[in-house]
Amino acid sequence: MGRSLKRYFPIFVLPLLLAFTVSFLIPFLAGVALSFTEFTTVTDARFVGLANYFEAFSAGGDFLNALLFTVSVTAVSVLVVNVAAFSLALLLSRSFRGNHFFRTVFFMPNLIGGIVLGYIWQLLINGVLAKFGVDITFRQAYGFWGIVLLTAWQLIGYMMIIYIAGLQNIPPELHEAASIDGANGRQMLRHVTFPMVAPSITICTFLTLTNVFKTFDQNYALTGGAPGKSTSMLALDIFQTFYGSVGKEGVGQAKAVIFFLILAVTAAVQQGIAGRKERGAI
Amino acid sequence: MKRFVRLLLLAALALCALAFASCGMREDTIYYLNFKPESAQVFDRIAQKYKEETGVTLRVVTAASGTYEQTLKSEIGKTDAPALFQINGPVGFNSWKNYCADLSETEIYKHLTDKSLCITEGGKVYGLPYVVEGYGIIYNSEITDRYFQLPNRGTAVASMEEINSFAELKAVVEDMTAHKNELGIEGVFASTSLKSGEDWRWHTHLANVPVYYEFLDREIEVGKPESYRNVYLTYGDAYRNIFDLYINNSVTSPKLLGSKQVADSMAEFALGKCAMVQNGNWAYGQIRDVNGNKVKESAVKFLPIYTGITGEEEQGLCIGTEGYLAINKNVSANKQKMAADFLNWLYTSKSGKEFVINELGFIPPFDTFADEKPKDALSKQVSEWMDREDVFIVPWVFQTFPSQNFKDAVGAALLQYAQGTVTWENVKETFVKEWARETGSSLPQSPEGGSESGSASDSVSDSVPESLLESMSETGSESASMTTSESASGRESSMVEGVESRIREVLPFG
């Protein structure tokens, strides 16, 4: 068995391994390496040690501001998206006429590209704010809720589909047994439904967390960071550092590496916690 | 395992071979990375014509608006790199230094009318200006004439030609606003487009005027980056004068400017909703091509941007160049020569010149164009203003602005000022601080103060090359500047006092 595995290893694994190396591993390692250099193009770089990392955290505090803003947007969005998606899923997993139609409707926003969505929502929000003589660039709070609204609108449908799949996988006899035992609706939701869809909750929170954290195009099109840079999320801040300044490519790269680390650690911790809960449930 | 490693190596080799094979085929083409999206289609036709006449393929790739630097960054790293590309003034040259070939031996350089326009270093020529452009306040003379015929107008000014100072401009504009219903306009000025990415007319072009006068006072030369590692925006009040005039007499309420784009402003002007708009001769197409255009070609005219600085009566339009063509010295010698030949063809051959004048609408700075004059209304005006003896040109010193980040920050501050959430002091502070931050210089407090840290970094920059300073500011600028601050602060403060007294003389508003 072992021998034949070894013999066929090149045929089955090698193509994928090569693709993975070329399109992920090499760029990733090169990116990390570049964060320790000063460079204009990737082929001419000069080693500068940790200088880029120091500057990322010092230069005017843009990065820290963006980090704080991103964390707040992410926290609020994860909550809003998951609560709304789960409620919708509960509603639309009941059998009534047209429930498939509504699922499609709620899923649709997810199919529109971020830049387009950003511009559409900018028009909508500005249309409302114009009544008060201002626009979305007027205050940070407007941009904040604008991004949350846009994210929610885009992600709820997708998460809803995952929750519906999870709900449909619950064997009906569990609910039946619970109702025979005299459980009311709330108790059934708390003690039967929640534990049974725990895997879906894990997946959905993970997807929303990473998606919102990485938001770029929606942010770019909706506010572009205005007013000032106060609504720049991390990805936009990295982009602005990399392309907006002369000779700051390395700093942008350093920020991107920090960005990756934060995201990887947060996701890992979240997975760990959720995983324990899931196992506890079963 | 050994076998696996061998296979991996083989695969890697095959990939390399493939990559080399594909780049070898492009030896007979010139790759031009075009900066001007508005000329993209013209360049396609130029490429066709060039192929017909010389048999050489010109490959033109155009970067989307505002993305030139990033496109160049990724393209120039490739094996099939652009042979011909654009750098934006001395700041752009700084980041592309290692890629620019010396052009002093090229044929086209010899045809340049004003050799001082080039980007040079150490006696070598690295960037050739390929177009001269001008901007100012564009006005619709039909509307202004209507104003001057009003019996109840509140100013003594009788025609636009009479206006030669900010005070007169302000009086006329404000009176026009008061009569806007009779004039059939919604506001005197088109929207001050302050949407992020659409605000370059204010943080770059408008800021050029006060910064130019400051440079004049400080005797700064654009070719010496170490001399403008700090600006103080000494003419900030002049900047504010004109900006206030724009936003308070506009079609759009100041609080709604954050969503306006340049195209909106140009459309407002073209449709006759306003009388004036600040822009340059490149925008003529944007005026002409608007559906339902109500502005006659003969009615589109230029007025200099007056801001209230003493001596501005003789000021003309802001005329200069931002685009410099450079040849990539890292491509093969053959390709470099082909690129130079193409430039020569474009600016000296009959068919090339026709494209430049008629289709690109350039005002080319070469002596081969002695007989051909630009044809569109605004370009014609720019060359008339250039020929006038009684006014001086405001050159484009904005090519010294340190980076896009700086410009974006100023644009954002201007927007917040327009919305009323920050004061003009904040705008000024942003301007000065962001400039210092992007040049890697320590922050100056104010021109009067001549602070320790500001003066120290200035003196360091006198003797230390730019690149070193960059890295110093990241790691150890503290220690490096400490050593020289003692000796330098005296010299700096005396220089600053000089500037200050000069400002007192010049500024009408004390």
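Is B:Glu174 buried, partly exposed or exposed, and at what relative accessibility? B:Glu174 counts as partly exposed because its relative accessibility is 38%, where buried means under 20% relative accessible area, exposed over 50%, and partly exposed in between (1.4 Å probe, protein chains only).

## Basis of the description

This is a predicted model, in which local features need pLDDT of at least 70 and side-chain atom pairs count only at pLDDT 80 or more, while totals for chains, interfaces and linings use all residues. Residues are numbered from 1 along each chain as its sequence is written, chains are lettered from A and ligands numbered from 1 in the order in which they are written, and side-chain values use heavy atoms, with hydrogens and water left out.

## Interface of chains A and B

The contact (heavy atoms within 4.5 Å) takes 41 residues from chain A and 34 residues from chain B. About 3200 Å² is buried between the two chains, and carbon and sulfur atoms give 55% of that area; buried area is the accessible area (1.4 Å probe) that two parts lose on being put together, summed over both. In chain A, the residues that lose the most area to chain B are A:Phe138, A:Tyr243 and A:Val246, together 17% of what that side buries.

Nine residue pairs are in polar contact between chain A and chain B, both residues being at pLDDT 80 or more. A polar contact is a pair of N or O atoms within 3.5 Å; within protein, one must be able to donate a hydrogen and the other to accept it, and residues adjacent in sequence count only if both atoms are side-chain atoms. On the side of chain A that touches chain B, α1 (2-34), α2 (51-58), α5 (114-129) and α11 (234-244) each supply at least two residues. Helices (H or I, at least four residues) and strands (E, at least two) are DSSP runs, numbered from the N terminus. By class, this side of chain A has 17 nonpolar, 15 polar and nine charged residues, with Ala, Val, Leu, Ile, Met, Phe, Trp, Tyr, Cys and Pro counted as nonpolar, Asp, Glu, Lys and Arg as charged, and the others, Gly among them, as polar.

## Salt bridges

A salt bridge is a side-chain nitrogen of Lys or Arg within 4 Å of a carboxyl oxygen of Asp or Glu. The count over all chains comes to 22, and two salt bridges are found across the interface of chain A and chain B. B:Arg437 and A:Asp62 meet through their side chains in a salt bridge (3.0 Å, N to O).

Within chain B, the side chains of B:Glu121 and B:Lys97 form a salt bridge (3.4 Å, N to O). This pair links distant parts of the chain, 24 residues apart: B:Glu121 is in strand β4 (residues 119-121), and B:Lys97 is in the loop between α4 (89-96) and α5 (107-110). B:Glu121 counts as partly exposed at 38% relative accessibility, and B:Lys97 is partly exposed with a relative accessible area of 29%.

B:Glu174 pairs with B:Lys170 in a salt bridge (3.2 Å, N to O). These two residues are separated by about one helical turn because they are four residues apart in helix α7 (residues 166-178) of chain B. B:Lys170 counts as partly exposed at 34% relative accessibility. In the salt bridge of B:Asp289 with B:Arg288, the closest N and O atoms are 3.3 Å apart. B:Asp289 is exposed at 55% relative accessibility, whereas B:Arg288 is partly exposed, with a relative accessible area of 47%. Salt bridges that share partners also join A:Asp62, A:Lys229, B:Glu434 and B:Arg437 into one network.

## Strand β11 of chain B

Strand β11 (residues 323-327) of chain B is largely enclosed by the rest of the structure, because five of its five residues are buried. On one side B:Gly323, B:Leu325 and B:Ile327 are buried, and on the other B:Tyr324 and B:Ala326 are buried, so that both faces are covered.

Two strands pair if DSSP finds at least two bridges between them. Strand β3 (residues 84-88) of chain B runs antiparallel to β11(B) and is joined to it by five bridges; B:Asn88 stands opposite B:Gly323. Strand β5 (residues 124-129) of chain B is also antiparallel to β11(B), with two bridges, and B:Pro129 has B:Tyr324 as its bridge partner.

## Buried helix positions

A:Ala66 lies in helix α3 (residues 62-92) of chain A and counts as buried at 3% relative accessibility. Leaving aside neighbours within four places in sequence, A:Ala66 is in contact with A:Ser232, A:Met233, A:Leu234 and A:Asp237.

In helix α11 (residues 262-270) of chain B, the buried residues include B:Val262, B:Met266 and B:Phe269. Among the elements that cover the buried residues of α11(B) are β6 (133-140) and α9 (200-218) of chain B.
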